[in-house]
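Subject: Structure handover

Hello,

Here is the structure I promised to pass on. Please open it before you read my notes.

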Amino acid sequence: MADLEAAAFLLGWLVLEHITPTLQGISVECFCDNSPTVAWIKHKSAAKSKIAGFLVRAFCIRLFATGAGPAAARFVPGIFNELADDASRLHHLSDNCFLSTFSEKFQSQATSWRQFKVPTSSWQH
């Protein structure tokens with residue numbers, strides 16, 4: 001399961017790259033409800049999981065490629081991080097149902113939810 005969270009962390013970064021004009025020199029902190037992923041990002045390595053190691057390496061390459069400042073991950077338990085908790089539990093929904101559920105449940109941020117498909121060029125370098 002932690003490998004999937006690491007993949008979600010990397011995908012989140014790729015989305016950020018595409019919606020932000022520049023990340024040059026900008027430091028980003030992400031909140032995550034998965035402690036192994038937080039540790040992997042903090043240490044920039046994952047010794048016990050080969051898959052997570054590849055994902056962390058890809059993340060570090062993207063940091064370097066964008067010229068971003070140091071990135072950090074902070075552990076926030078799911079009970080206090082409802083967005084992340086719901087996102088990881090609602091993966092079975094179709095894209096439209098997922099967006100509809102988030103827009104309904106988190107109405108104060110409803111206008112910011114939209115579907116995003118990461119271009120294949122993001123991982124084909």
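Predicted model: local features only at pLDDT ≥ 70, side-chain atom pairs only at ≥ 80, totals over all residues.

**Helix α3**

Start with α3, which runs over residues 50-66. It has 17 residues. From first C-alpha to last it reaches 25 Å, close to the 24 Å expected at 1.5 Å a residue. Its buried residues are A52, G53, L55, V56, F59, R62, L63 and T66. What do they pack against? The partners are α1 (2-19), α2 (35-43) and β2 (71-75). The spacing of such a list is worth a look, because an α-helix has 3.6 residues a turn, so residues three or four places apart point the same way. Just after α3 comes G67, with a positive phi of about 70 degrees.

**α1 with α3**

Two packed helices are described by the angle between their axes and the distance between the axes. For α1 and α3, the angle is about 15 degrees and the axes are 9 Å apart. An angle under 35 degrees counts as roughly parallel. α1 and α3 are therefore roughly parallel to each other. The crossing of α1 past α3 is left-handed. On the α1 side, the contact residues are D3, A6, A7, F9, L10, W13, L14 and E17. On the α3 side, they are I51, A52, L55, A58, F59, R62, L63 and T66. By class, this contact has 12 nonpolar, 1 polar and 3 charged residues.

**α1 with α2**

α1 also packs on α2. Here the axes come within 8 Å and cross at roughly 55 degrees. That makes α1 oblique to α2. The crossing is right-handed. A2, D3, E5, A6 and F9 of α1 meet P36, T37, W40 and I41 of α2. The classes are 6 nonpolar, 1 polar and 2 charged residues.

K44 sits in the loop between α2 and α3. Its phi is near 55 degrees, a positive value in a residue other than glycine. Most residues other than glycine have a negative phi. Is K44 buried, partly exposed or exposed? K44 is partly exposed, with a relative accessible area of 33%.

**α4 with α5**

Now the other pair. Helix α4 covers residues 82-89 and helix α5 covers residues 95-105. They pack at an angle of about 155 degrees, with axes 11 Å apart. Angles over 145 degrees count as roughly antiparallel. α4 and α5 are therefore roughly antiparallel to each other. α4 passes α5 in a right-handed crossing. From α4, the contact takes E82, L83, D86 and A87. From α5, it takes F98, F102 and K105. By class, there are 4 nonpolar, no polar and 3 charged residues.

**Two residues to look at**

D86 is in helix α4. Its relative accessible area is 11%. Buried means under 20%, so D86 is buried. Which residues does D86 touch, leaving out those up to four places away in sequence? They are F102, K105 and F106.

S103 lies in helix α5. It is partly exposed, with a relative accessible area of 24%. S103 and P77 are 26 residues apart in sequence. In space they are 22 Å apart, C-alpha to C-alpha.

Best wishes

Key. Residues numbered from 1 in each chain as written. Heavy atoms only, no water. Helix = DSSP H or I, 4+ residues; strand = E, 2+ residues; numbered from the N terminus. Expected span 1.5 Å × (residues − 1). Buried < 20%, exposed > 50% of the residue type's maximum accessible area, 1.4 Å probe, protein only. Contact = heavy atoms within 4.5 Å. Axes fitted to C-alpha atoms, helices over the stretch in contact; angles between N-to-C directions. Parallel < 35°, antiparallel > 145°, perpendicular 65-115°, else oblique. Left-handed = near helix turned anticlockwise from the far one by under 90°. Nonpolar A, V, L, I, M, F, W, Y, C, P; charged D, E, K, R; others polar.
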